[in-house]
Structure formats: C-alpha cells, structure tokens
Amino acid sequence: MKGLSGAVLTGGRSSRFGSHKAEFIWQGRTLLEWALSSFSSLEDVLVIGQAVQTSARVIKDKKPFAGALYGLATALESALSDRVAVMACDMPNLSAAYWQFLGQFEADIVIPKNKNEQLEPLAAIYSKNCLGLVQAALSREQLRLTAWWQNTDALSVRIVESAELEPYFSSQLFLNANYQEDLAV
C-alpha cells in the first residue's frame with residue numbers, strides 16, 4: 001500500500017507476560033514475526049522499542065519503558081510515509097488484509113473499536129499531522145493513547161465500528177497477549 005508505513009511497538013517491560021513478548025514463539029513464529037507479516041505489503045516498516053533481531057528498521061525508544069505514546073511519537077517522527085499503521089507486537093491476529101481495510105479510510109486518525117466497543121489505539125493508523133498533539137501531550141505527561149486527540153478539532157478522526165469489521169475479520173482480531181495464557185485461545 002502506497003503512502004503507508006508500518007510500526008510495531010516492542011518497548012514494553014512484558015512484566016505480566018514473563019518474557020520479552022516480541023521474541024516469544026507462538027505457532028512457530030515470534031510475535032514480532034507475526035506483527036511484521038501483517039505489514040508485508042508495505043515498503044517502510046519500523047520496529048520501535050527494544051533492540052530485536054529483524055530486517056526491519058529498529059528505532060530505539062527515546063524514553064525506554066515510558067509508555068506507548070512515546071512509541072507513537074517515535075513512529076510518527078521516523079516513518080517515511082505521511083500515514084503510519086501502528087500496532088503492538090502482542091497482537092498476532094492483525095493481517096495485511098486488516099491494514100488494507102483500515103487504509104481505505106482517509107483521516108488523520110483511523111481507529112477501530114473491538115467487539116466490546118472499546119477503542120484499539122495500538123491497531124490504528126495515524127497521520128504525521130498528529131505529531132504536534134502527541135508531543136504536546138507528552139510534555140504535559142498525559143500518556144493515555146486516546147486522550148490526546150479526543151477534544152480537538154485539529155484532526156480528522158474516523159472511528160471504525162466493530163460492526164464494520166465483523167463481516168471480514170475473526171472475533172479474535174484484536175487478541176492482545178498480556179499473558180502467555182492469552183495465546184492459548
């Protein structure tokens with residue numbers, strides 16, 4: 001997909017998981033390999049966070065273990081494209097088809113809702129227009145991934161409802177492996 005970079009965030013402590021998530025082997029591949037495979041159609045792919053073995057560009061966290069909003073800022077600063085698909089490394093069910101589906105929507109933020117109607121900010125697309133607001137939130141130490149854009153008219157936002165995703169994707173699309181047991185499904 002032209003005009004879209006991909007960024008996998010790997011900078012968490014993985015304290016609940018018990019080992020570094022990106023390197024955990026699930027169904028024959030590391031979680032990082034699953035994440036990178038979802039970006040197989042993209043020319044610019046970054047891994048943001050801890051140093052890992054990969055052929056993708058690895059950008060170290062500027063402020064290690066400080067939260068995903070720092071990872072988003074780094075992705076927006078480092079990506080070659082104007083829009084960046086951003087995902088956590090512990091979401092192995094995201095696919096190239098998923099990113100293609102989200103990529104059809106033109107907005108500064110394209111963010112889906114899961115089956116529980118909660119936003120999934122680490123399975124979303126952000127434009128570089130977001131960078132200033134992200135940096136401002138970081139300077140105020142407001143680190144919630146959805147708080148920095150909720151009360152602004154400066155950005156266009158497209159929320160993709162779970163009902164829009166249901167015909168095309170599994171109910172396990174947003175599987176998030178906080179614990180190793182989460183991967184037993």
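1. Burial and surface. In this predicted model, buried residues make up 52% of the 185 residues in the protein. The exposed surface comes to about 9100 Å², of which carbon and sulfur atoms supply 48%.

2. Overall fold. The protein has five helices and nine strands. Read from the N terminus, the order of elements is β-β-β-α-β-β-α-β-α-β-β-α-β-α. Among contacts with a separation of 6 or more, 67% are between residues 24 or more positions apart.

3. Nonpolar core. The largest nonpolar core comprises 58 residues, and Tyr 98, Tyr 126 and Trp 148 have the most contacts inside it. Helix α2, spanning residues 68–78, gives the most to this core, with six residues. As a general remark, nonpolar side chains in soluble globular proteins tend to be buried together.

4. Surroundings of Trp 148. Apart from its neighbours within four places in sequence, Trp 148 is in contact with Leu 69, Leu 72, Ile 109, Tyr 126, Cys 130, Leu 133, Val 134, Ala 137 and Leu 155. One of these partners, Tyr 126, is likewise named among the residues with the most contacts inside the core.

5. Cover of strand β8. Which residues lie on each side of β8? Ala 123, Ile 125 and Ser 127 are on one side, while Ala 124 and Tyr 126 are on the other. In a regular strand, side chains alternate between the two faces of the sheet. Both faces of β8 are covered, and five of its five residues are buried.

6. Pairing of strand β8. Strand β6 (residues 83–88) runs antiparallel to β8 and is joined to it by five bridges; within this pairing, Met 87 has Ala 123 as its bridge partner. Strand β7 also pairs with β8 in the antiparallel sense, over two bridges. Here Val 110 stands opposite Ile 125.

7. Asn 114 in the loop. Asn 114 is found in the loop between β7 (109–112) and β8 (123–127). Is this residue buried or exposed? Asn 114 has a relative accessible area of 9%, and it is therefore classed as buried, the cut-off being under 20%.

8. Contacts of Asn 114. The side chains of Asn 114 and Glu 120 are joined by a polar contact of 2.8 Å. With neighbours within four places in sequence left aside, Asn 114 is in contact with Glu 120, Ser 162 and Phe 174.

Key
Residues numbered from 1 in each chain as written. Predicted model: local features only at pLDDT ≥ 70, side-chain atom pairs only at ≥ 80, totals over all residues. Heavy atoms only, no water. Core = buried A, V, L, I, M, F, W, Y, C linked by side-chain atoms within 4.5 Å. Buried < 20%, exposed > 50% of the residue type's maximum accessible area, 1.4 Å probe, protein only. Helix = DSSP H or I, 4+ residues; strand = E, 2+ residues; numbered from the N terminus. Contact = heavy atoms within 4.5 Å. Polar contact = N/O pair within 3.5 Å; in protein donor to acceptor, adjacent residues only side chain to side chain. Pairing = 2+ DSSP bridges. Areas by Shrake-Rupley, 256 points an atom, 1.4 Å probe, with all protein chains shown as cover.
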